[in-house]
Amino acid sequence: MNPQNNLSHNSHAIVIGGSMTGLLTARILINHYNRVTIIERDRLPDQPIYRPGVPQSRQGHVLLERGRAILEELFPGFQEEIVARGAHPLDMAEDLAWLTPFGWGIRFDLNVIMLSCSRFFLEWNVRRRLNAFPQIKFQQGSEVKGLLMDAEGVLVTGARVRTGEEEKPLFADLVVDASGRNSKAPQWLEQLGYLPPQETIVTAHIGYASRVYEFPEGLDADWKGFLVQTLPPYQPRGGFLLPIEGNRWLVTLGGGDGDYPPGDEEAFLEFIRTLPTPVMYDAIQKAKARSPIYCYRGTQNHLRQYDRLSQLPDGFVALGDSVCAFNPIYGQGMTAAALSALLLDRTLKTWQKDSLWGFSLHFQKKLAKENAPLWEMATTEDCRYQTVVGMSPTPSVRFMHGYMDRVVALTTESVFVRQTLLNVFNLLTPAIALFHPKILLRVLKKVLLGGVRDRAKASKPLPSQFKLQNHA
């Protein structure tokens, strides 16, 4: 049988999940299908507030430069619109004071912009934009209970959708699973007689705690936000402070190896006080708390290897956290979601317009290649922690740890090195750029001269002032 996708006036795609991955996927699917239905378990709020389906949304999130550019491509004028409503565009080299384990990162005008706002504020603004497309429909308060198949058992033809107590079939030419870490797609495939994908979980027992503060009046600081980088295994604690909508700060603390930030106020403040700089602690002394302290520990790296299946029904694909979910500490999640949506767009454009035969497995293999460097970065960095489970540091991983330590140390004195590292971090440049001759030679010089401090010694508190000064 040859599955058809004729793009007639009735062509229809289903997106499972209304989080960032699902929203961006729906946007690109209207380039290929006449109707798109987003199935979402929650009742989506008409205000930028928390909803249960995104339990991590109260923690700090950033939209990296690559992700910001993709949103601007999909929704022209998006940055101007969201900034007018209260989001903050931050130049990561100039506006963000970054305390590395080896000192403060050198600061300069780079124009690599990240959008700083709350997660639910960002999603709310994207939903507002999607509402302008009549082809897109939200089916709220509904849950997918399984996939529909054709008589030959080779083509997904839709999904079984429960709304309240009623379950109905919803037919479609393509079903996209964007339901996130807790995806039920492996079970749905088993129900249809297919093997589920192999799964890999890597965890360094990292937890977060976040709180919103009112922006203090009269603050004299030359930064808009700052980040205290962890130093595992010697210093598993870190945190960041970022401006968000409503003239507020969002303070997020992180701790690995089971050294989780606490949820009670006294211990939360004491955790901040133990960071290797007093800047964050001093800053919030001048600010009023405007929320409870919210804790979150669902930080495992989780990989479902659909690309390694020998068979996968056509008419169905999975992407975003449903396939590859990263430790949120590296800030890749939303940008990776945007990249996977763009990949689906490109793959559909180059595929035969009258057929989806073989498309699903083809797409999953392409997605796996795109996710591979992000997965490697997140998991190898997690291998720095003593309690990591699911992966062991190999000699090559330990070599990369040592090399990256020296690169990070150079960001405290070299504009070129910091610019390159930030470009890699923002997914603008492949990681191989960190081996540019200008960087490699400086690293070798550091090794020969012993110019990088021992990591254990570097974990001691570093002196700093409340008003951070640019490095020369």
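Colleague: Why is Glu167 called partly exposed?

Modeller: Residues under 20% relative accessible area are buried, those over 50% are exposed and those in between are partly exposed, judged with a 1.4 Å probe and protein chains only. Glu167 has a relative accessible area of 35%, so the middle class applies. Bear in mind that this is a predicted model, where local features need pLDDT of at least 70 and side-chain atom pairs count only at pLDDT 80 or more, while totals for chains, interfaces and linings use all residues. Residues are numbered from 1 along each chain as its sequence is written, and side-chain values use heavy atoms, leaving out hydrogens and water.

Colleague: What makes Glu167 and Arg160 a salt bridge?

Modeller: A salt bridge here is a side-chain nitrogen of Lys or Arg within 4 Å of a carboxyl oxygen of Asp or Glu. The side chains of Arg160 and Glu167 meet at 2.8 Å, N to O, so the pair passes the cut-off. Arg160, at 27% relative accessibility, is partly exposed as well.

Colleague: How many salt bridges does this rule give?

Modeller: The count is 25. One network of salt bridges links Glu40, Asp42, Arg51, Arg119 and Glu123.

Colleague: How do you know that Arg211 and Glu265 form a salt bridge?

Modeller: Their closest N and O atoms are 3.6 Å apart, which is within 4 Å, so the pair qualifies. The two partners sit in distant parts of the chain, 54 residues apart, with Arg211 in strand β14 (residues 207–214) and Glu265 in helix α6 (residues 265–273). Helices and strands are DSSP runs numbered from the N terminus (H or I of at least four residues for helices, E of at least two for strands). Arg211 is buried because its relative accessible area is 10%, whereas Glu265 is partly exposed at 45%.

Colleague: Which elements hold Arg273 and Glu270, and how many residues apart are they?

Modeller: Both are in helix α6, 3 residues apart, or about one turn of the helix. Arg273 is partly exposed at 46%, and so is Glu270 at 35%.

Colleague: Is Phe271 buried or exposed?

Modeller: Phe271, which is found in helix α6, has 3% relative accessibility, so it counts as buried. Leaving aside residues up to four places away in sequence, Phe271 touches a set including Arg237, Leu253, Tyr260, Pro261 and Pro262, where contact means heavy atoms within 4.5 Å.

Colleague: Why is strand β19 (residues 301–305) described as largely enclosed?

Modeller: 5 of its 5 residues are buried, so the rest of the structure largely encloses β19. Both faces are covered, with Asn301, Leu303 and Gln305 buried on one side and His302 and Arg304 on the other.

Colleague: What makes β13 (residues 198–202) and β19 a pair?

Modeller: Two strands pair if DSSP finds at least two bridges between them. β13 and β19 have 5 bridges and run antiparallel, so they count as a pair. Val202 stands opposite Asn301 in that arrangement. β19 is also joined to strand β21 (residues 324–325) by 2 bridges, again antiparallel, with His302 opposite Ala325.

Colleague: Which strands are the edges of the open sheet, and what makes them edges?

Modeller: The sheet has 5 strands in the order β8-β2-β1-β12-β20, with parallel pairing. β8 (136–140) and β20 (316–318) are the edges, as each pairs on one side only. Strand β12 (residues 174–177) meets β20 through 3 bridges, and Asp177 stands opposite Ala318 there.

Colleague: Which residues of helix α2 (residues 65–74) are buried?

Modeller: They are Glu65, Gly67, Arg68, Ile70, Leu71 and Leu74. These pack against several elements, among them α1 (20–29), α4 (119–130) and α8 (333–350).

Colleague: Which residues form the nonpolar patch on the surface?

Modeller: Phe399, Met400, Ile432, Phe435, Leu440, Leu441 and Leu444 do, with about 660 Å² of accessible area together. Patches take residues with over 30% relative accessible area and no salt bridge, joining like charges within 9 Å and nonpolar side chains (Val, Leu, Ile, Met, Phe, Trp, Tyr) within 5 Å. Areas come from the Shrake-Rupley method with a 1.4 Å probe, and for residues only the protein chains shown count as cover. α10 (395–410) and α12 (437–449) each give two or more residues, and α12 has the largest share with 3.
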